[in-house]
Amino acid sequence: MANYATNEFKGGLKFMLDADPCSMIDIEHIKPGKGQAFTRVKYRNLNSGRVGEKTFKSGESVEAADVMDTDMEYLYTDGEFWHFMKTDGSFEQIGADAKALGDTSKWLKEQEVYLVTLYNGAPISVTAPNFIVLPVTETDPGLKGDTAQGGSKPATLPTGAVVRVPLFVNEGDLLKIDTRTGEYVSRA
Amino acid sequence: MLLAKLTKRAELLTATRHFFNSRGVLEVNTPVLAPAGSTDPLLDSFITQLEGGSALPQQLYLQTSPEFYMKRLLAEGSGSIYQLGPCFRNGELSQRHNPEFLMLEWYRPGWSLAELEAECCALVDALLGAASYQRMTYRQAFIDYVGLNPFTASLAELRQTCVAVSAIAAEQLDRDACLDLLVSHVLEPALKALNRVILYEFPASQAALAQVHQDAYGNKVASRFELYVKGLELANAYQELTSASEQAARFAADNAQRLALGKPQVIADVKLVAALEKGLPDCSGIALGFDRMVMLACDAASLDEVQTFSAYRW
């Protein structure tokens, strides 16, 4: 793979750090009037999801990571793997394990398109679209007259996820959820 | 909003000129584009070509600082001088850097570093409002905030601390690189809480073109101070070296270091060496990042907010 020198660092650059693929989040150039220049990088470890910081000497370089973000449609799970299919017309299928899926399991829906991050061709993370529509499988019946007071109650989705919803929401309603915050947006 | 910042900048420029006028310091303009550049291995110049004029040098440098020309004026007997002008440093872009910035630089023949420090504080008071200044030696600042003595700590200990605070691959770092890293990663963040700080008695290895003397502990230190305001490096001052042979030796050493770093050689200013041979008066000199002063006056978080058109808005 290619190498990137500090002057090529930018947000989103995928690089290898201690054998883990990482993505740069923020880059800061540090240079006293007289003295050495450094580049401080805030990054996300794509395997663990953890955020860290590391400083590089000016001119130092890092190895590029073979990481690709790919749009893929969710098909089904066999209990061990969750199977996705490329949307580029190749119909190529890839199975992601529970670790790669992570919290996105809460927002899984067949035929929805997810961003699957592949490292050396294997999925390491799955990102849900920002908004997703899912039905309510279970919630307490709303009480008449409560709508104006803006109260909330828990509602369970088919994925097992629980979101706070307004009292007027009923079982079977379709909800629009913001997957980044896990919050109810509206009825769909 | 833009107009408010333009107005503030103009007010600060006027106040600066008034300050120096009232003290009998002469404003000068020296070339921004010149056939010699800064040899400093850690500064990179923009280089351009002169077309036509066959008798003139073809390769020209945008100046990283007006220092050399101003020293040539001092050697000619100019007396106290100041300059407000653009400087250019390649590859420098951040919240606190822009490849082009406005530098305020001034020289005081016959003045000690202490006298210049008092004048620097008076200028900052005039521009940002009066406040107290905390003076601390580089040594004490390291002991208090980094937890080690910069003169006696072993290289291994310095590297270990660098790794702990920045996860850097430290095996390539020399002493000064370690110290620079600890200043930027530990000391500067700590100074943010302290408003105005005069940091002085830097290690002799960081003297650049400052004179060297011995501190109370027998360490060789540079006759140099830096002014930090809220953790922002604002000004850097020297009791200037006046030796022509030392200047020539420094140019050669810089270029040797550039070669080792794989950087292009820089044509040194032989006329500066000649001027020093003729005689540079004993003097103190200081460079102050004027855009950073505007940042502080506007309580801005980045240079981009106060430069009229920063590189982000070309």
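Visitor: Where is B:Ala208 placed?
Guide: B:Ala208 sits in the loop between strand 8 and strand 9 (212–214) of chain B. Helices (H or I, at least four residues) and strands (E, at least two) are DSSP runs, numbered from the N terminus. This is a predicted model: local features need pLDDT of at least 70, side-chain atom pairs count only at pLDDT 80 or more, and totals for chains, interfaces and linings use all residues. Residues are numbered from 1 along each chain as its sequence is written, while chains are lettered from A and ligands numbered from 1 in the order in which they are written.

Visitor: What is phi of B:Ala208 near?
Guide: Phi of B:Ala208 is near 50°, a positive value in a residue other than glycine. Most residues other than glycine have a negative phi.

Visitor: Buried, exposed or partly exposed, that B:Ala208?
Guide: B:Ala208 is partly exposed, with 17 other C-beta atoms within 10 Å. A residue is buried if 20 or more other C-beta atoms lie within 10 Å of its own, exposed if 12 or fewer, and partly exposed in between; C-beta atoms are placed from the backbone.

Visitor: And A:Gln111, what is its phi about?
Guide: A:Gln111 has a positive phi of about 70°, although it is not a glycine. A:Gln111 lies in the loop between helix 1 (98–101) and strand 10 (113–119) of chain A. A:Gln111 is exposed, with 8 other C-beta atoms within 10 Å.

Visitor: New topic. Which residues of helix 4 of chain B are buried?
Guide: In helix 4 (residues 138–146) of chain B they are B:Tyr138, B:Arg139, B:Ala141, B:Phe142 and B:Val146. Seen down the axis, these buried residues of helix 4 of chain B fall within an arc of 165°, so they line one face of the helix. The arc is that of the directions from the helix axis to the C-beta atoms.

Visitor: What covers them?
Guide: The cover for the buried residues of helix 4 of chain B includes strand 7 (133–137), helix 5 (155–166), helix 6 (175–191) and strand 8 (196–203) of chain B. Contact here means that the C-beta atoms of two residues, placed from the backbone, lie within 7 Å.

Visitor: How do helix 4 and helix 6 of chain B cross?
Guide: The axes of helix 4 and helix 6 of chain B come within 10 Å and cross at roughly 80°. Axes are lines fitted to C-alpha atoms, for helices over the stretch in contact, and angles run from 0 to 180 degrees between N-to-C directions. Helix 4 and helix 6 of chain B are therefore roughly perpendicular to each other. Angles under 35 degrees count as roughly parallel, over 145 as roughly antiparallel, 65 to 115 as roughly perpendicular and the rest as oblique.

Visitor: Which residues meet there?
Guide: B:Ala141, B:Tyr145 and B:Val146 in helix 4 of chain B meet B:Leu182, B:Val186, B:Leu187 and B:Ala190 in helix 6 of chain B.

Visitor: Now the two chains. How many residues does the contact take from each?
Guide: The contact takes 21 residues from chain B and 17 residues from chain A. On the side of chain B that touches chain A, the largest share, six residues, comes from helix 6 of chain B.
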